[in-house]
Amino acid sequence: MLELDEQMSQQLKKLYKELESEGKLPSKQQLSEYYATFRKKFGPDTLANLDGEALLETMHSHGNKDSLVYWLEFKDDEEFPAIFGSIAGGSAYKFGLFRKKETGTWTAGSPRNPQELTVEQAIERARHHRDQLIAGADLLARMPDDGSDRDYEHLQQALLSIAPNIGDTAWGHKYLSLLYPEKLDDFHNPDYARFHLIKLLQLPLQPEGRYIAAGRYGVIAHALQIPLPILTTLLNERDGSNPHNYWRIGTAKYKSTPREYWTSMRDGNFCAIGWAEIDDLSSITKDEAGKQALRSALQSHYQGKAPPAIGNALRQLFDFRWNIAVGDLVLAADGASIL
């Protein structure tokens, strides 16, 4: 049984009362009406009764404000406000199909490898998307309301199988979450779902995936007696909407005593890592060539090290060059102790 930390529980209950009193949260009745409007317009029954160009326009015409893709990414008004998790960013290629504004040509593929489609080909692709959305919705309809971690692991696997083109996309996840908001959270990016779970002092779930954490959020929302979309709103308000990572960085030269770099890091307000002989990392590119350059430098300066040791050093250097970011939290460590 999942237990929410009491301090976390009190924080969220207090925040809920504050935002509710300020009129910043939709009521349960409003949420119900928004979901009903979306289901009536784009639910499985509606999509199943469409075909041909009508299906294509309804699902994938970004220029049509009554299309599914427009509602998922841009719709924000009294009828359907933008409070159900954002999928903004990137290009229209993320939907797997769109019509170019300049030419009117239906296009698929990727920015590097665009594929122009005939209307008939575009319709066929829209049919595949429609059928996969319906299959995913049917799968969720048969899931228990109080699904376990294992249930959601099975859901993840099943969706990737029956909906290979849309199951692991942000827009596919958002569509399904709007149909079953009591079963799916509206963190449409799995990194966001993982981030907020950690902020709730919950151990990250394995394997990772877009649907894996939903059961945990459902349990927490139920314990707090609030709708799941309200919980995610509270978490975005409390934790911030941009995830950050955590890094452990040592503070000593190899086998040195005491930990002689800690004072410099603390007083100078910087963090640093070893392997000084590798020198400047600015030329290391964020690709396989960059990793290979690091590997060659490590092997040159640290001859005799076992391959795993080289591999660990490579990973840490590459993370320090490219993956640590502004806003991340760094834990300065002395062995197992955090300074």
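Q: Why is the second largest pocket called a pocket, and how much space lies in it?
A: In this predicted model, in which local features need pLDDT of at least 70 and side-chain atom pairs count only at pLDDT 80 or more, totals for chains, interfaces and linings use all residues. A pocket is an open set of points on a 1 Å grid over the protein atoms alone, with protein on both sides within 12 Å along at least five of seven lines, whereas a cavity is a set where a 1.4 Å probe fits but cannot get out. About 670 Å³ of space lies in the second largest pocket, a volume being the space filled by probe spheres set on grid points that are joined across faces, edges and corners.

Q: What makes up the lining of the second largest pocket?
A: Lining residues have an atom within 4 Å of a point, and the second largest pocket has 30 of them, with Gly218, Val219, Ile220, Ala221 and His222 nearest its centre. Helix 10 (214-224) gives the most to this lining, with nine residues. The lining divides into 16 nonpolar, six polar and eight charged residues, where Ala, Val, Leu, Ile, Met, Phe, Trp, Tyr, Cys and Pro count as nonpolar, Asp, Glu, Lys and Arg as charged, and the others, Gly among them, as polar.

Q: How do you know that the length of helix 2 agrees with that of a helix?
A: Helices (H or I, at least four residues) and strands (E, at least two) are DSSP runs numbered from the N terminus, and the expected span of a helix is 1.5 Å times one less than its number of residues. For the 15 residues of helix 2 (residues 28-42) this gives 21 Å, and the end C-alpha atoms are 21 Å apart, so the two agree.

Q: Why are the buried residues of helix 2 said to line one face?
A: Buried means under 20% relative accessible area, against over 50% for exposed and in between for partly exposed (1.4 Å probe, protein chains only), and in helix 2 the buried residues are Leu31, Tyr34, Tyr35, Phe38 and Phe42. They fall within an arc of 95° seen down the helix axis, and therefore line one face, the arc being that of the directions from the axis to the C-beta atoms. The elements they pack against include helix 8 (170-179) and helix 11 (228-239).

Q: Which residues line the largest cavity?
A: Tyr35 is one of its lining residues, which also include Phe84, Ser177, Leu228 and Pro229, and its volume is about 60 Å³. Residues are numbered from 1 along each chain as its sequence is written.

Note on methods. Side-chain values use heavy atoms; hydrogens and water are left out. Contact means heavy atoms within 4.5 Å.
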